Amino acid sequence: MMEKILITGGTGFLGRALAIKLKSNYQVYLCGRNNPQNSFAQMTTGCQAIPADISSMESIRDAFNQVKPDIVIHAGATKFVDISERELSKPLISMSMDLPM
């Protein structure tokens, strides 16, 4: 049985590229919060897309419980890069994740 990889930000450019490279050796799952993008990523990569929002602890916990990944690649990022660069001392999302494995 193949190891499972969960990629946060899996529907973005980096996530999709990683999925295409990894899917021959791993069972790859993509996380994304945008359903139309999830459908596009699933169609273009052949990997299952799971709706998940990295800014929501409950959403991420649900994705982990559904997939039960062996490996997690965090490729999720903010789309507000200009704000992040201007206000380096203010994180857009601040959370502590305590997920059971």
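**Stop 1: Lys68.** Start by selecting Lys68, an exposed residue with a relative accessible area of 56%. Exposed here means over 50% relative accessible area, buried means under 20%, and partly exposed lies in between (1.4 Å probe, protein chains only). Areas come from the Shrake-Rupley method with a 1.4 Å probe, and for residues only the protein chains shown count as cover.

The model is predicted: local features need pLDDT of at least 70, side-chain atom pairs count only at pLDDT 80 or more, and totals for chains, interfaces and linings use all residues. Numbering runs from 1 along each chain as its sequence is written, and side-chain values use heavy atoms, with hydrogens and water left out.

Lys68 sits in the loop between α3 and β4. Check its backbone: phi is near 55°, a positive value in a residue other than glycine. Most residues other than glycine have a negative phi.

**Stop 2: the whole chain.** Zoom out and colour by secondary structure. There are four helices and four strands. From the N terminus on, they run β-α-β-α-β-α-β-α. Helices (H or I, at least four residues) and strands (E, at least two) are DSSP runs, numbered from the N terminus. Of the 101 residues, 31% count as buried. The protein exposes about 6700 Å², and carbon and sulfur atoms supply 54% of that area. Now consider contacts, meaning heavy atoms within 4.5 Å. Among contacts with a separation of 6 or more, 47% join residues 24 or more positions apart.

**Stop 3: the sheet.** Select the four strands. In which order do they lie in the open sheet? The order is β3-β2-β1-β4, with parallel pairing. Two strands pair if DSSP finds at least two bridges between them. At the edges are β3 (48–51) and β4, each pairing on one side only. Neighbouring strands are turned by 25° against each other on average, direction ignored. Such angles use axes fitted to C-alpha atoms, for helices over the stretch in contact, and run from 0 to 180 degrees between N-to-C directions.

Next, show helix α3 (residues 57–67). Helix α3 packs on the sheet and touches β1, β2, β3 and β4. Its direction makes about 145° with that of β3.

**Stop 4: strand β1.** Select residues 4–8, which form β1. Five of the five residues of β1 are buried, so the strand is largely enclosed by the rest of the structure. Show the side chains: Lys4, Leu6 and Thr8 point one way, Ile5 and Ile7 the other. β1 pairs with β2 in the parallel sense over five bridges. Thr8 stands opposite Cys31 in β2.

**Stop 5: across β2 to β3.** Stay on Cys31. Cys31 also stands opposite Ile50 in β3. β2 and β3 pair in the parallel sense over four bridges.

Move along β2 to Tyr29. At 10% relative accessibility, Tyr29 counts as buried. Leaving aside neighbours within four places in sequence, Tyr29 is in contact with Lys4, Ile5, Leu6, Ile7, Gln48, Ile50 and Val67. Draw a distance from Tyr29 to Ile7: they are 22 residues apart in sequence and 6.2 Å apart in space, C-alpha to C-alpha. Then show the side chain of Gln27, which makes a polar contact with the side chain of Tyr29 (2.5 Å). A polar contact is a pair of N or O atoms within 3.5 Å; within protein, one must be able to donate a hydrogen and the other to accept it, and residues adjacent in sequence count only if both atoms are side-chain atoms.

**Stop 6: helix α1.** Select residues 13–22. Gly15, Ala19 and Leu22 are buried in this helix. Look down the axis: the buried residues of α1 fall within an arc of 80°, so they line one face of the helix. The arc is that of the directions from the helix axis to the C-beta atoms. On the other side of α1, Phe13 and Lys21 are exposed. What covers the buried residues of α1? The cover includes β1, β2 (27–32), α2 (35–45) and β4 (71–74).

Stop 7: Asn38 is in helix α2 and is buried, with a relative accessible area of 5%.

Finish at Ser59 in helix α3. Buried or exposed? At 17% relative accessibility, Ser59 counts as buried. Leaving aside neighbours within four places in sequence, Ser59 is in contact with Pro51, Ala52 and Asp53.
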